[in-house]
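Here is a brief report on helix packing. Keep the structure open beside it.

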Amino acid sequence: MTNAREIAVDYLARVEGEGSLRATVVDGALQDVEFSIFEPPRFFEAFLRGRRIEEAPDITARICGICPVAYQMSAVHAMEDALGIAVDGALRDLRRLLYCGEWIESHALHIYLLHAPDFLGYESAVHMAVDHRGLVEQGLRLKKAGNRIVHVLGGREIHPINVRVGGFYRLPTREELSALQPELEWALEAAVATVDQVASFDYPDVERDFEFVALVHPEEYPFNEGRIVSSAGLDIDVSAFNGHFVEEHVARSNALHSRLRDRGPYHVGPLARYALNHERLRQTAAAAAAAAGLGPECRNPFRSIVVRAVEVIQAVEEALEIIARYEPPGEASVPYERREGEGHAATEAPRGLLYHRYRMDDGGRITDAQIVPPTAQNQRTIEDDLRVVLAGNLDLADLELQWLLEQTIRNYDPCISCATHFLRLDLDRGAST
Amino acid sequence: MLTLAVHKFASCDGCQLTLLDAEDELLEIADAIHIANFPEASREVIDGPYDLSLVEGSITTEADVDRLRTIRAQSHRLVAIGACATAGGIQALRNWADIGVFTGLVYAHPEYISTRELSEPIADHVDVDFELRGCPIAKGQLLEVVGAMIAGRRPRVAQTPVCGECKARGATCVMVASGTPCLGPVTHAGCGALCPAFGRGCYGCFGPAESPNMDSLISVWRELGVADADVVDAVRSFNAWAPQFRVAGDSVRERGETP
């Protein structure tokens, strides 16, 4: 006889974009999980061909409204690599400051508006605000503090207009940056409180043997520079990315799945950054991580929210330090001469490693572009997590199981607009006949 | 209480994020309006009809054409938000290309990909009550439109060019003062003349203003020494498929003429 149960979710909510999930259980045993992606393709890598290199930061920003700075940073660094120029000193600081703003904004959005409701049992932050208005208000204010940095330095929060190949169009004044200070001092306290709050949530007991991949920089928690390092011993220059990582096109998915050549899926994002860089966290962030019991690494994907909260502290601390030492440099950008070449860059988007590669001709036009976003890299790892969580929780009722599976995906703060679209869950529990 | 739904098509999510970026207003909005269907923010989905639907993104697949028609049928008022929804977005650059070639460039298995030839605005497929411009939309304008739709009045959104905002904020004209090519004279206001205030030319992310004088602008750009290829690129970006920009780009590219 057939004992079919089906769970269907039209959208996976509280992620950026849309995708689908299908799980098949036969006679109580998990047969298969497919995490598919339906983002209508937008063909960025195709239409970038023939465009001027100066347009790349503005065009690629439009891949993602939540992390446009990440796209701008990977784009300009790849172009500068090809052009053979270095952007350092105060201009380098300002780029880090801009990235701090985006990390704070994006992480606060995910922690408070998208992920915390999973742990506290609400459909959304708006529902959560009925019982926890102060908590939601704190999250919104923290998010705004990050957005404020992007607004002042970038011109606006979404698709900032001030980033250019070589630096910026306009330098902020000391006064403009100092004005951010009082709110960032509040944000530092709020971020510390956030770590306490999220560390007290109940976490499913899951331990995964991820291969973590992140940038590693000798002195700093990584944003724009570093080698690509993994917890299994990979240690390469960014330009060697394609020699070690493979993108595959899988049926039913409009995103390309990534894997490590010869090894398979890997994990990018806050857990990976933390595992490979926690010694370089700033004082307050390191203390909060220790107080939250994170240890040298965390392999429970459900606890990524704690690491994200630690990274908010890190970003606020770093922003305060950059603002305190800021002296406007002589020029807003470094000049360059167009030339033929190829450039690579990887930076740490809030969701993990974001790799760009461009080729350009001597007329300053792009001849080839490759963009590998973090969510595409995590897609196979997310599927593996789903298998583990499903297999361990088949006794749950459909609605609870559905919630837990959605939460498993939200652990990654997936940006399905970067990689994907439309999450749909069809859980087929049909017994074999 | 009035019901609000937010729908997404091909886009970057930035315009609907603008609602969540209204940090000071979000909870007040939620007190005043029932957010019935907003998947980016809530897993609760209440079935339509909706008093107001905000629609982000462009139409690029057959399935999306059907979904959009259903949304229109369920929505008392429908507002298209952002350059993708009002002009096809940056992804409308495919409209000048062979989509088969594009698919082959990005994907190893083009046969897995289902897409239409064109990326089109919402209004090409259903009636739209209002179009809010911008890549991304401006938060203040979004709040004005939502407020106006609730009150049942026409939104107060100026369709004048960026130049007006530039003068209002006291910014120096980058085209006159430093010879920087700027699309401000033909671009719809809404950003507050951001780019000129940051010393760069407007790049047209709010699309064409009402009755833009493209001919005159292109003549000025040519006097500044801008090559025709760069003129075409400038109008073929985030609002490339907006009629006035489309015609201007095609005229220059195909006939070396201004429109």
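## A helix pair in chain A

The crossing of α4(A) and α12(A) is left-handed. This is a predicted model. Helix α4 of chain A covers residues 90-120, and helix α12 of chain A covers residues 304-325. Their axes come within 9 Å and cross at roughly 150°. Angles over 145 degrees count as roughly antiparallel, so α4(A) is roughly antiparallel to α12(A).

Which residues in α4(A) meet α12(A)? They are A:Asp93, A:Arg96, A:Leu97, A:Cys100, A:Trp103, A:Ile104, A:His107, A:Ala108, A:His110, A:Ile111 and A:His115. On the α12(A) side, the contact residues include A:Ile305, A:Arg308, A:Glu311, A:Val312, A:Glu318 and A:Ile322. The residues of this contact divide into 13 nonpolar, three polar and five charged.

Helix α10 of chain B spans residues 214-223. Buried in this helix are B:Met214, B:Leu217, B:Ile218 and B:Trp221. Seen down the axis of α10(B), the buried residues fall within an arc of 95°, so they line one face of the helix. An α-helix has 3.6 residues a turn, so residues three or four places apart point the same way.

The face turned away from the buried side of α10(B) carries exposed residues: B:Ser216, B:Ser219 and B:Glu223.

What covers the buried residues of α10(B)? The cover includes two helices of chain B, α11 (228-235) and α12 (243-255). B:Gly225 follows α10(B) and has a positive phi, near 90°.

How values were computed: Residues are numbered from 1 along each chain as its sequence is written. Chains are lettered from A and ligands numbered from 1 in the order in which they are written. This is a predicted model: local features need pLDDT of at least 70, side-chain atom pairs count only at pLDDT 80 or more; totals for chains, interfaces and linings use all residues. Axes are lines fitted to C-alpha atoms, for helices over the stretch in contact, and angles run from 0 to 180 degrees between N-to-C directions. Helices (H or I, at least four residues) and strands (E, at least two) are DSSP runs, numbered from the N terminus. Angles under 35 degrees count as roughly parallel, over 145 as roughly antiparallel, 65 to 115 as roughly perpendicular and the rest as oblique. A crossing is left-handed if the near helix is turned anticlockwise from the far one by less than a right angle, and right-handed if clockwise. Two residues are in contact if their C-beta atoms, placed from the backbone, lie within 7 Å. Ala, Val, Leu, Ile, Met, Phe, Trp, Tyr, Cys and Pro count as nonpolar, Asp, Glu, Lys and Arg as charged, and the others, Gly among them, as polar. A residue is buried if 20 or more other C-beta atoms lie within 10 Å of its own, exposed if 12 or fewer, and partly exposed in between; C-beta atoms are placed from the backbone. The arc is that of the directions from the helix axis to the C-beta atoms.
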